[in-house]
Amino acid sequence: MISFDFEYYRPDSIKEATDVYAQLHEEGKSPLYFSGGTEVITMARKGALKFDALIDLKNIEEMNVYRKDEDGIYFGANMTLNEAAEMKDFPLIREVVRTIGDHTIRNRITLGGNICGRLPYREALLPFLLYDAQVYIAGINGIKALSINEAFNKRLVLSKGEFVIGFKVKESFMDTKYLNIRKVKTSEIDYPLLHIASIKDEEGIKIAVSGLCAYPFRSYELDKHINCNSEPDEIINNVYQFIPGTIKEDNIASAEYRKALFELNLEKILEKWGEA
Amino acid sequence: MKSYKDYTQLILKINGQIRKVIVSPNDTLLHVLREKLGLTGAKPGCENGDCGACTVLMDGKPVKSCIILAVEAEGHEITTIEGLKDTPIQRAFVEESAFQCGYCTPGFIMNCHAMLNTIPDADYDTIKEWLSSNICRCTGYEEIKKAVKKAQKIAGGL
């Protein structure tokens, strides 16, 4: 049970959701959008998150679909991680989301919730960064589509009252080869010490990383650096100037350990793509 | 648009029965099941979505009832351990002594039951993936594994 009172709204459309958000905000309340709720309920129970109202987005049809459009494949933000894992079009997405949490919890965690959450890992984001997906954001002024790499800067940058309704990936990425490395300390069901997802297409090798810094990232500068024609040793020695944050240090692993793990696995990735 | 601002009567479908209950939006499903409906089979463990002791089925899928609000359960079919009667996995748990203190058992059984209904011929990796959602602090995993295998045979999945 959560130890404070709040109101609960379940809108049936995007407009109802943004309207009720605006109305609650005008009344001086602090509303919060909500979908799978795993993180919100846990944090609220611990007293780490407070709100006056939850706006549950699960009844919004556009957020619950997976469909093939002319310009790509659309993933509704309300798709649970298990639902996303069942979609076989993008094996990397399937592989990445299957490592988040445990199977039961993945029946509740949604793509949108994982990507917009407050935890530092947000691993579902990695393939969408690599595929330069479009993210669809709804707000009081309607829906806008942005490149996820533009919309993401340490977190998905949303204005007050906005929420993510879905993601679109170009079909051309379906056959793109990938490598996915996830390292944990003990149990498979654990937050990652390091998660590197990588693809190689006509532009070269691309990597997206979670666990190394306080937020997941993909850096164009880093991609450019690893695609220079230098020897792997040289690439790795100079890699940290292209990492967009300080290396995470916590009670699970020291920064030095994470750096060593990163260097080792970056080397593996460069080797494997070299062989390929 | 549905909204709940205070204590309200909620109609839930639990174990095939319509149950009316007064809830507040901040009540978790686990709390309502145990404290308001007397269905104490789902257990509070970590109340953090980690241990799986509170697992129930929502529309046939296993979910952790400690991290679901009761108001979210409206319109869905909820099954608790009290709703299972002499299923293959229950029989197999008894025959294989797949419990010690028993606290985690309802959660394991609900998860196993959902898995066997969804994938009757689940292989080792699938069983491991599904059952990694539950923790047994008595560490009786070997017997639980045997019970799942036996339930598959009883149900005709293998």
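Student: In which sense, parallel or antiparallel, do strand E1 of chain A and E1(B) run?

Tutor: This is a predicted model, and what follows should be read as such. Strand E1 (residues 7–10) of chain A is joined to E1(B) by three bridges. One of the residues concerned is A:Tyr9, whose bridge partner in E1(B) is B:Ser3. The sense in which the two strands run is antiparallel.

Student: Which element gives the most to the side of chain B that touches chain A?

Tutor: The contact involves 30 residues of chain B and 27 residues of chain A. On the chain B side, at least two residues each come from strand E1 (2–4), strand E5 (61–64) and helix H4 (124–131). That side of chain B divides into ten nonpolar, twelve polar and eight charged residues. The element that gives the most, with four residues, is E5(B).

Student: What confidence does the predictor give the complex, and what average pLDDT does chain B have?

Tutor: For the complex, the predictor gives an ipTM of 0.96 and a pTM of 0.95. Within chain B, 99% of the residues score at least 70, and the average pLDDT is 95.

Student: How many residues of H3(B) are buried?

Tutor: Helix H3 of chain B covers residues 105–118, and at 1.5 Å a residue its 14 residues should span 20 Å, which agrees with the 20 Å between its end C-alpha atoms. The buried residues of H3(B) include B:Phe108, B:Ile109, B:Asn111 and B:His113, and what covers the buried residues includes strand E4 (55–58), E5, helix H2 (88–95), H4 and helix H5 (141–155) of chain B. The helix is mostly covered, and of its 14 residues the number buried is twelve.

Student: Which residue takes a positive phi in the hairpin of E2(B) and E3(B)?

Tutor: Strand E2 (residues 8–14) and strand E3 (residues 17–23) of chain B pair over seven bridges in the antiparallel sense, and B:Leu12 has B:Arg19 as its bridge partner in E3(B). Between the strands of this hairpin there are two residues, and the one with a positive phi, near 50°, is B:Asn15.

Student: What is the bridge partner of B:Lys13 in E6(B)?

Tutor: E2(B) is also joined by two bridges to strand E6 (residues 77–79) of chain B, and these two strands run parallel. In E6(B), the bridge partner of B:Lys13 is B:Glu77.

Student: Which strands stand at the edges of the open sheet in chain A?

Tutor: The sheet has five strands in the order E4-E5-E10-E6-E7 (chain A), with antiparallel pairing. Each edge strand has a single partner strand, so one side of it is left without a neighbour in the sheet, and the two in question are strand E4 (66–69) and strand E7 (142–147) of chain A. From one strand to the next, the twist averages 25°.

Student: Is A:Gly37 buried or exposed?

Tutor: A:Gly37 is found in the loop between strand E2 (31–34) and helix H2 (38–45) of chain A. Leaving aside its neighbours within four places in sequence, A:Gly37 is in contact with A:Arg108 and with B:Ile67, B:Ile68, B:Leu69 and B:Glu72. Because a residue counts as buried when 20 or more other C-beta atoms lie within 10 Å of its own, and A:Gly37 has 22 of them within 10 Å, A:Gly37 is buried.

How values were computed: Residues are numbered from 1 along each chain as its sequence is written. Chains are lettered from A and ligands numbered from 1 in the order in which they are written. This is a predicted model: local features need pLDDT of at least 70, side-chain atom pairs count only at pLDDT 80 or more; totals for chains, interfaces and linings use all residues. pLDDT is the predictor's confidence in each residue, from 0 to 100. Two residues are in contact if their C-beta atoms, placed from the backbone, lie within 7 Å. Ala, Val, Leu, Ile, Met, Phe, Trp, Tyr, Cys and Pro count as nonpolar, Asp, Glu, Lys and Arg as charged, and the others, Gly among them, as polar. Two strands pair if DSSP finds at least two bridges between them. The expected span of a helix is 1.5 Å times one less than its number of residues. Axes are lines fitted to C-alpha atoms, for helices over the stretch in contact, and angles run from 0 to 180 degrees between N-to-C directions.
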